[in-house]
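Reader: Can you walk me through this one? I'll ask as we go.

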Amino acid sequence: MESKDNSKVFQIIIAVLLVIVGICIGYIVGIKSMEKSNNNQVDKKINDNYQKENENQSEETEEQNSTEKQNENQSEETEEQNSTEKQNPEVNTLESKGTKESVEISLNGKNNTLTLLDGTTTNERSYLTFGNTNLMILKRYGTGLEYEAGIYEMPIVKYKVVIGNDNKEYLIVYYDYGFEHALLVINDSTKIIGKYFNEFNENGCDFATLEDIEKTMTIIENDDIYYYKPIETSNGNSSKLELTKLEIENDTIKEVKTNTVVTGKMAQCT
């Protein structure tokens, strides 16, 4: 009888132990599962943060690239603008429409006035002055009562201040009017130090011009001055003109050949 009771007690103990072991195993499994879940959440959070950082970094990179591209475009636009300004230097104009027009120009700190008259005064044979100097380049040719009365249509005069090889300022004044072309170089004392006309007065013709007589014979690029200088005529109506560079230094003009020769034509022939 006592042995049967002992056996029952032993069974109860085993059962309790099994329950305890089961609870422990369940606890351990639960802890592991929770740790795994927490680790997964941590990993997910880390991945999310990493992905977000990558997205932010990508956005910053795109923004930086966009800014750099914008800066490059602005730089290219600036370079293009500078190049355009360099290739197309500002040339000013003076135009008279029945009025006296003038502009003050400073050369090396000396101020003088370039004046274009209205062209209706019969006792004036030159209509353009700089300071006290009569520039004597506006000449009118033609027939009719207005011409005989000394009433002329005045051309648009172009002018630009350039820097010579001596780093001094000089005034370039020129105009193109039909087959008439003229260019003057003037110093700060209003003295004309260079005169260029396309008058030829040979073979019964008064002018040697480009094929397109309306095209300018004066070209200014930055401080470089070029002029199509007549160099040869023929017995017919053709002519040769060479693009000549005019270098200014110490109030003198040096002509430099460019070996660019074009075929022109004779004009105002009789």
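Reader: Quick one to start. In β3, which residue is the bridge partner of leucine 107?

Author: Lysine 110 is the partner of leucine 107. This is a predicted model, where local features need pLDDT of at least 70, side-chain atom pairs count only at pLDDT 80 or more, and totals for chains, interfaces and linings use all residues. Residues are numbered from 1 along each chain as its sequence is written, and side-chain values use heavy atoms, with hydrogens and water left out.

Reader: How many bridges join β2 to β3?

Author: 7, and the two strands run antiparallel. Strands here are DSSP runs of E, at least two residues, numbered from the N terminus. β3 covers residues 110-116.

Reader: What is the strand order in that open sheet?

Author: β2-β3-β4-β5, with antiparallel pairing. Strands pair if DSSP finds at least two bridges between them. The edges are β2 (101-107) and β5 (133-134), each pairing on one side only.

Reader: New topic. How many aromatic pairs?

Author: The structure holds 2. Phenylalanine 179 and phenylalanine 207 have ring centres 5.0 Å apart and planes at 40°, so this pair is tilted. Rings of Phe, Tyr and Trp (its six-membered ring) pair if their centres lie within 6.5 Å; planes under 30 degrees apart are stacked, over 60 edge-to-face, the rest tilted.

Reader: Is phenylalanine 207 buried or exposed?

Author: Buried, at 2% relative accessible area. Buried means under 20%, exposed over 50%, partly exposed in between (1.4 Å probe, protein chains only).

Reader: Which tyrosines form an aromatic pair?

Author: Tyrosine 196 and tyrosine 227, tilted, 5.7 Å centre to centre with 50° between the planes. Tyrosine 196 sits in β9 (residues 192-197) and tyrosine 227 in β13 (residues 224-233), 31 residues apart.

Notes
Helix = DSSP H or I, 4+ residues; strand = E, 2+ residues; numbered from the N terminus.
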